[in-house]
Amino acid sequence: MNFETLVINSTQYHDANASAVVPPIYLSTTFEREPDSSIPHGHIYTRASNPNRNSLEKAYAVLEGGEVGMAFASGQAATATIFQCLSPNDHVIVPDDAYYGTPALLQEIMSVWGLKYTKVDMSDLAAIEAAFLPNTKLVWIESPSNPQLKITDIAEVATLARQKGAYTVCDNTWATPVLQRPLDLGCDVSMHSATKYFGGHSDLLSGALIFKENGPLAEKARMIQALGGAVPSPFDCWLVLRGLKTLPLRVRQQTSNAAQLAEFLSTHPALEAVHYPFLPSHSGVEVAKKQMSAGGAMMSIQVKGGEAAALALKSKVKVFIRATSLGGVESLIEHRATAEGVHSVSPKNLLRISVGLEHIDDLIADLKQALE
């Protein structure tokens, strides 16, 4: 099937009770057993399984081309589960430019537990190889990275990690399986903040892990998911399933808008840099084109004049919404260093932009007037 058909097909639910085309929401926390104590539909308690979550997890696996999908209460819960699959004194390699919550989770929680980590420029394969230690068990990839949109050669890193006996996990939130499929490139796990493009409407919190194989790593993650209980509600699962149906249409239109906006901004004299993977000026453009079908709907810009100029620009927009998050139908802009706080490593003059579904002419006009 083509991806658009695959999305619709994978999110359909065959309702044996009423033949409803749209699935019902199973809000029940517990499920009745038969008189002989057997479990007729496989569900005992919603923390362990629920019909809405099961449907969503099956859809995740199909869309990313994996054997196992798992849904979580947030992207951070999904990330934490992967790290909890490791052991104290294991070592993780992570990007030096990544969603700030990932290294924060390692530093504030997992390091106390005994997990070690090293930050590396993931666009430099030699630097990644040099960071491996005898106890390195996992390489965390984020491509494009957040917020500077660095590109990692996913296939090369996955091959290197496999040779070293380590797992590779790719945060594929920004690209989505519409544009990039890390499991096809050799990764063991694809991670998503489903809050973003999967949900697509800024109205739910959820996360996802998709495993290439139903092996020991997936089995341990499933155990942690059930015992830890960081699972999404049935209603949130229902919302994500609804959002997935329009995922390819939204992402492709948002990507088209972003490409045109990046081209306009790339020559603006008020900007120091425009970070967008498919711009000819991007240092990772060749790798990006090798593993992505398009550049995505995220970008960041660095404003001449430093932090004050960036904050001034942000204050003048009229169409863009000044808010954290990304992937929704509305276009967002934020000063990333402010959002990340005192431990931010983002440039002070950087603004992160999530491009939505507004008309491209209005988006260009809004940034044009703000820049002027």
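M299 is found in strand β9 (residues 298-303) of this predicted model, where helices (H or I, at least four residues) and strands (E, at least two) are DSSP runs numbered from the N terminus. With a relative accessible area of 0%, M299 is buried; buried denotes under 20% relative accessible area, exposed over 50%, and partly exposed the range in between, computed with a 1.4 Å probe on protein chains only. Leaving aside neighbours within four places in sequence, M299 is in contact (heavy atoms within 4.5 Å) with L149, A258, L261, A262, L265, H275, Y276, L351, R352, I353 and V355. M299 and P147 are 152 residues apart in sequence, yet their C-alpha atoms are 7.7 Å apart in space.

Residues are numbered from 1 along each chain as its sequence is written. Because the model is predicted, local features need pLDDT of at least 70 and side-chain atom pairs count only at pLDDT 80 or more, while totals for chains, interfaces and linings use all residues; side-chain values use heavy atoms, with hydrogens and water left out.

The protein is divided into domain 1 (3-242) and domain 2 (248-371), with bounds that come from an automatic or database domain assignment. The C-alpha centres of the two domains lie 26 Å apart. To the contact between them, domain 1 contributes 30 residues and domain 2 contributes 37 residues.

An open sheet is formed by seven strands in the order β1-β7-β6-β5-β4-β2-β3, with mixed pairing; two strands are taken to pair if DSSP finds at least two bridges between them. From one strand to the next, the twist averages 20°. Strands of a sheet pair through backbone hydrogen bonds, either parallel or antiparallel. Strands β5 (residues 167-171) and β6 (residues 189-192) run parallel and are joined by three bridges. In this pair, D171 stands opposite M191 of β6.

Helices also pack on the sheet. Helix α4 (residues 101-113) touches β2 (91-95), β3 and β4 (136-142), and its direction makes about 150° with that of β3; axes are lines fitted to C-alpha atoms, for helices over the stretch in contact, and angles run from 0 to 180 degrees between N-to-C directions. Helix α8 (residues 216-228) touches β1, β5, β6 and β7 (207-211), and its direction makes about 25° with that of β1.

Helix α8 has 13 residues and spans 18 Å from its first C-alpha to its last, close to the 18 Å expected at 1.5 Å a residue; the expected span is 1.5 Å times one less than the number of residues. Its buried residues are L217, A218, A221, I224 and Q225. These residues cover an arc of only 125° around the axis, which puts them on the same side of α8, the arc being that of the directions from the helix axis to the C-beta atoms. On the other side of α8, P216, E219 and L227 are exposed. The cover over the buried residues of α8 includes α2 (51-64), β1, α3 (75-84), β5, β6 and β7. Just after α8, G229 adopts a positive phi of about 80°.

Most residues other than glycine have a negative phi, and most peptide bonds are trans. S19 lies in the loop between α1 (3-10) and α2 and is exposed, with a relative accessible area of 61%. N89 is located in the loop between α3 and β2 and counts as partly exposed at 47% relative accessibility.

Cis peptide bonds join S143 to P144, with omega about -5°, and N146 to P147, with omega about 15°. P144 lies in the loop between β4 and α6 (154-164), and P147 is placed in the loop between β4 and α6 as well. T152 also belongs to the loop between β4 and α6 and, at 2% relative accessibility, counts as buried. Not counting residues up to four places away in sequence, T152 touches M122, S123, I141, E142, S143, V157, V287 and Q291.
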